[in-house]
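Please read it alongside the sequence and the coordinates displayed here.

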Amino acid sequence: MTEPIIKFDKVVKKYGTHVVLDELDFDVKPGEKVTIIGPSGSGKSTVLRILMTLEEISSGVIHVDGEPLWHEERNGTLKPASEAHLKKMRAKLGMVFQQFNLFPHMSVMRNITEAPINVLKLPKAEARDRAEQLLKMVGLTEHAHKFPSQLSGGQQQRVGIARALAMRPKIMLFDEPTSALDPELVGEVLNVIGSLAAEHDLTMLLVTHEMRFAREVSDRICFFDRGKVKEQGTPEQIFSNPKEARTREFLKAVLEG
Amino acid sequence: MLFGFSWDTSHGELAFAISILPILLMGLVVTIEASIAGFAVAMVLGLIFAVLKGAPSRFISWPATFITEFFRDTPLLVQLFFLYYVLADHGVILPAFLTGCLALGVQYSAYTAEVYRAGIEAIPKGQREAARALDFSARHTFTHIILPQAVPRVIPAFGNYLVSIMKDVPVLSVVTVLEMLGVAKIIGDQTFDYLVPLTMVGGIYLILTIVCSGIVRYVDMSLPKTGIPLK
Amino acid sequence: MEWSEYLKPLSQGAWITIQLTVYSTIVGAICSFAFGIGKLSTNWAIKGFSIAYIEIFRGTSLLVQLFWLYFALPIAGDAIGIDLRLPPVAAGVLALGLNIGAYGAEVVRGAIQSVRYSQYEAAKALNFSPRQALWRIALPQAIPEMMPAFGNLAVQNLKDTALASLISLGDLAFVAERIRNFTQDSTTVYTMILFMYFGMALVIAGLMHLLERAVGRWRRVGH
């Protein structure tokens, strides 16, 4: 039994009195590809945003790669993490956003190399080599010198994936990566994510509404409902033989809708 | 002595400050009067320019645009001197206060004209089209459709220009208008203590603009954003 | 005197006006960024100082500030035993720059705040420090946003330099007043300098427009 690379332990996230994550327990093993599904407001995106340290937790403990994410151990007790600790932890994670969030004032190449050069302090030539390989992987080699506004949504999201991968994270978080795309552009992004899943031992955590795709690439599907994991299992179990009534209702609504 | 008040220079700074406060406040009254008069001129002139700039004929709209640009891009001080000396040269002798308000009005008419135009243009084209579809007269469309929606949009901008005009009134002191800064300068010239009167003027200005900006913000917040309700 | 004889002294005055405009615009630009960014600081001392600066210089009249720096500051200096007498040119540049900088600071703050929050999130996800996110991600996007307002402020600053004539700086307005005193030919001389200011304003507006295009190149490329 390998140690989980991500471990949520009774994690609570509240906005005021509204409970988004309700004492959530949730594990991901190294190299595992996990897809989170669930109705809107079930807290699935919040899980990713908390892992990326974009949002704080209200209580509980999260471990990433053997270390507490939002805490630091000092004198045997857990204290709220310092910025330096958060920075160290963030380096383990990469994130792809629903709205791409590319930097509009930078060329595709600079979008990908800016963080490796300025955060990882890579030599420029090395960062460019790395970016060129990644652009080749996402099929955008000829677009390196364009600005994001000159690309289609699907192309922008592929740059977004390359940009996150350029930081060499151990864990990739995909927050509804195709939800903002026109239907005909969804395929090209899913292809990139799919080949990434097949060819790398990256740990991947994906929030999506693309059920067929989730079934193909995931090792495990987690159905979130009201801030908890309501049901989880292999794609086969969840899609073909869901046990919970809520899961069945949700899948029925999504697959017929 | 000024406005019938004299200053006390022999009992320390505080006594001096207290003795000149009534004089400065008399100056403040002139400042406020000039602001309001200048603003009134700007509102009228600005409306005229807004109409002319929107005229269908280029022979009217282009010169109007040029003139407002010219007013906007030249210094208030020079416009003031121009009116003060040039009008007098041609036999038009106005009191300094009136000349000053006219100069403020000319300078700011360029800005208020823009506010009028922006307010009217901000109303969606569909509103006009709907009015036409309902066969409203042009006059009815303007008074019942355009104006009630445009007025709430433009009031905050006009309010901000009124505050700006207040801050420009001290320029009028160069043509002997005894507004607050001019008064403070005279006190300084005579007592050789500029620090107290000028600092007090700064303080009074700060209070005045903070209060006025607060009022503008309050009015802005309480305005009906979708237009003045007509029942 | 013929109007053409005014040209030489007026052009000398215009040169002073141009220098005043350039120097005070530079001071103003520095203040704009320093205090506009300062107002967004999480450090309360920096934030408080920036807010105080912006409110004081926007809330009082430029001419009050100019007179204060020129007439009152030396007396304040006397009281604490420091020589704070400023030459007119220093008082002029400082007053104009600090004044326009306070307006510019609000432009800078507004433009930085208009950068979408998701851009900061993307920067954080890539592990940029807050400082890097500001300088590399937010500011480059905010600067084109600031340019139209900066253009207006630069023209405003040019117009404001005329007030420096009131502390005996030999700028365009000052020279004109002297010629008028000498010749009583107010119509000619004031018409001339009105057009000279107008011409300079058009040049500044044109230059700022070019600058706007230069810093916003990425915004104009499209599909």
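The model is predicted. Chain C and chain A bury about 2300 Å² between them, and chain A contains an open sheet of four strands as well as an open sheet of six strands.

**Extent of the contact between chain C and chain A**

- Chain C contributes 21 residues to the contact, and chain A contributes 30 residues.
- Of the area of about 2300 Å² buried between the two chains, 58% comes from carbon and sulfur atoms.
- On the side of chain C, the greatest losses of area to chain A fall on C:Leu126, C:Asn127 and C:Trp218, which together make up 28% of what that side buries.

**Polar and charged pairs across the contact**

- There are 10 residue pairs in polar contact between chain C and chain A, counting pairs with both residues at pLDDT 80 or more.
- Two salt bridges are counted between chain C and chain A.
- A:Glu114 makes a salt bridge with C:Arg136, with 3.0 Å between the closest N and O atoms.

**The side of chain C that touches chain A**

- The elements giving two or more residues to this side are α5 (117–125), α6 (130–160) and α9 (217–220) of chain C.
- α5(C) gives the most, with seven residues.
- By residue class, this side of chain C divides into nine nonpolar, eight polar and four charged residues.

**Four-stranded sheet of chain A**

- The strand order is β2-β1-β4-β5 (chain A), and the pairing is antiparallel.
- β2 (18–28) and β5 (67–68) of chain A are the edge strands; each has a single partner strand, so one side of each lacks a neighbour in the sheet.
- β1 (residues 6–15) of chain A and β2(A) run antiparallel and are joined by seven bridges; A:Lys13 has A:Leu21 in β2(A) as its bridge partner.
- Helix α1 (residues 44–51) of chain A lies across β1, β2 and β4 (59–64) of chain A, at about 70° to β2(A).

**Six-stranded sheet of chain A**

- The order is β8-β9-β10-β3-β11-β12 (chain A), with mixed pairing.
- β8 (93–96) and β12 (228–233) of chain A stand at the edges with a single partner strand each, so each has one side without a neighbour in the sheet.
- On average, neighbouring strands of this sheet are turned by 20° against each other, direction ignored.
- β3 (residues 33–37) and β11 (residues 220–225) of chain A run parallel, joined by four bridges, and A:Ile37 stands opposite A:Phe223 in β11(A).
- Helix α9 (residues 245–256) of chain A lies across β3, β11 and β12 of chain A and runs at about 100° to β11(A).

Definitions and conventions
Residues numbered from 1 in each chain as written. Chains lettered and ligands numbered in written order. Predicted model: local features only at pLDDT ≥ 70, side-chain atom pairs only at ≥ 80, totals over all residues. Heavy atoms only, no water. Contact = heavy atoms within 4.5 Å. Buried area = accessible area lost by both parts, 1.4 Å probe. Salt bridge = Lys/Arg side-chain N within 4 Å of Asp/Glu carboxyl O. Polar contact = N/O pair within 3.5 Å; in protein donor to acceptor, adjacent residues only side chain to side chain. Nonpolar A, V, L, I, M, F, W, Y, C, P; charged D, E, K, R; others polar. Pairing = 2+ DSSP bridges. Axes fitted to C-alpha atoms, helices over the stretch in contact; angles between N-to-C directions.
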